[in-house]
Amino acid sequence: MHDGHAHPHEAPPEPDGPLSDYQLMEIAVRELLVEKGVLTADEIRQAIEAMDARSPAQGARVVARAWIDPAYKRRLLANGTAACEELGIDMGTVKLVVVENTADAHNVIVCTLCSCYPRALLGLPPDWYKSRAYRARTVREPRAVLREFGTEIPDSVAVRVHDSTADMRYLVLPARPVGTQGWSEEKLAALVTRDSMIGVALPRPA
């Protein structure tokens, strides 16, 4: 885990450094797939562009819709995968479970075995989510971890930790900030951060 309240900036890759074993493997597999006619270079490019387009803005759309549409919120909590697909977000074969923050409970997501993460909704996971320290400590001492993110949860509120798996992902539905009555869905979505949907932070205040 890192110290302080700010997340460390993720270092950009070295453009001219030596290729890693994984990069060399990716190049070899990609070239073989193209050579054998399994995929075309354009199909690979389109798949990469689709993955790069995933961002926390997708998850923010889902949260904002749930904040303004009670019927959608019920569907989201009952079947997260189907509710996301209503908004055109393809979750593939992954089962999405949405957990709601309330006055009595605060939810946090972790993957103790690796770094399973709702990429279709949040994009690529941050480095700290994949770190061994976050994966281990969030289960043992979640309140301490949350404090390191600047998030203080009252003792009267239960902290629930949800462990993702290879075929199941979690998304936190944060509590709607006060003072946002009458706001548009787009304006509400701007308050929803990636970290609030992981559960280590709260949404931006109104």
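# Reading a predicted fold

Visitor: Does His-162 count as buried or exposed?

Guide: Buried means under 20% relative accessible area. His-162 has a relative accessibility of 16%, so it counts as buried. Keep in mind that this is a predicted model.

Visitor: Where does His-162 lie?

Guide: Its place is strand β3, residues 158-163.

Visitor: With which side chain does the side chain of His-162 make a polar contact?

Guide: Look for the partner first, then the distance. The partner is the side chain of Asn-107, at 2.7 Å. Beyond four places in sequence, His-162 also contacts Val-99, Val-108, Ile-109, Val-110 and Tyr-170.

Visitor: Where is Asn-101 found?

Guide: In the loop between β1 (95-100) and β2 (105-110). A loop residue can be checked by its accessible area too. Asn-101 has a relative accessible area of 7%, so it is buried. Its side chain makes a polar contact with the side chain of His-106, at 3.5 Å.

Visitor: Let me step back. How many helices and strands does the protein have?

Guide: There are 11 helices and 4 strands. Of the 206 residues, 38% count as buried. The accessible surface comes to about 12000 Å², and 55% of that belongs to carbon and sulfur atoms.

Visitor: What percentage of contacts between residues at least 6 apart in sequence join residues at least 24 apart?

Guide: The share is 66%.

Visitor: How many residues are in the largest nonpolar core?

Guide: Start with the general idea. In soluble globular proteins, nonpolar side chains tend to be buried together. Here the largest nonpolar core has 46 residues. Val-62, Ile-89, Leu-121, Tyr-129, Tyr-134, Ile-198 and Val-200 have the most contacts inside it. Helix α3 (residues 56-68) gives the largest share of this core, 6 residues.

Visitor: Which residues is Val-200 in contact with, leaving aside neighbours within four places in sequence?

Guide: Val-108, Trp-128, Tyr-134, Leu-146, Phe-149, Thr-151 and Asp-195.

Visitor: What should α3 span?

Guide: Count residues, then compare the ends. At 1.5 Å a residue, the 13 residues of α3 should span 18 Å. The end C-alpha atoms are 19 Å apart, which agrees.

Visitor: Which residues in α3 are buried?

Guide: Gly-59, Ala-60, Val-62, Val-63, Ala-64, Ala-66 and Trp-67. The buried residues of α3 pack against helices α4 (70-78), α5 (80-86), α6 (119-122), α10 (185-189) and α11 (194-198), and against strand β4 (168-173).

Visitor: How far apart are Cys-84 and Val-62 in sequence and in space?

Guide: Compare the two kinds of distance. They are 22 residues apart in sequence, yet 6.8 Å apart in space, C-alpha to C-alpha. Cys-84 sits in helix α5. It is buried, with a relative accessible area of 0%. Besides Val-62, Cys-84 touches Tyr-72, Ile-89, Met-91, Leu-96 and Leu-121, not counting residues up to four places away in sequence.

Visitor: How many disulfides does a search of the whole structure find?

Guide: The search finds 0. The test is distance: a disulfide needs two cysteine sulfur atoms within 2.5 Å. The sulfur of Cys-114 has its closest cysteine sulfur in Cys-116, 3.5 Å away, so it is too far for a bond.

Visitor: And what does Cys-114 count as by relative accessibility?

Guide: At 37%, Cys-114 counts as partly exposed. Cys-116 is buried, with a relative accessible area of 10%.

Technical notes
Residues numbered from 1 in each chain as written. Predicted model: local features only at pLDDT ≥ 70, side-chain atom pairs only at ≥ 80, totals over all residues. Heavy atoms only, no water. Helix = DSSP H or I, 4+ residues; strand = E, 2+ residues; numbered from the N terminus. Buried < 20%, exposed > 50% of the residue type's maximum accessible area, 1.4 Å probe, protein only. Contact = heavy atoms within 4.5 Å. Areas by Shrake-Rupley, 256 points an atom, 1.4 Å probe, with all protein chains shown as cover. Core = buried A, V, L, I, M, F, W, Y, C linked by side-chain atoms within 4.5 Å. Polar contact = N/O pair within 3.5 Å; in protein donor to acceptor, adjacent residues only side chain to side chain. Expected span 1.5 Å × (residues − 1).
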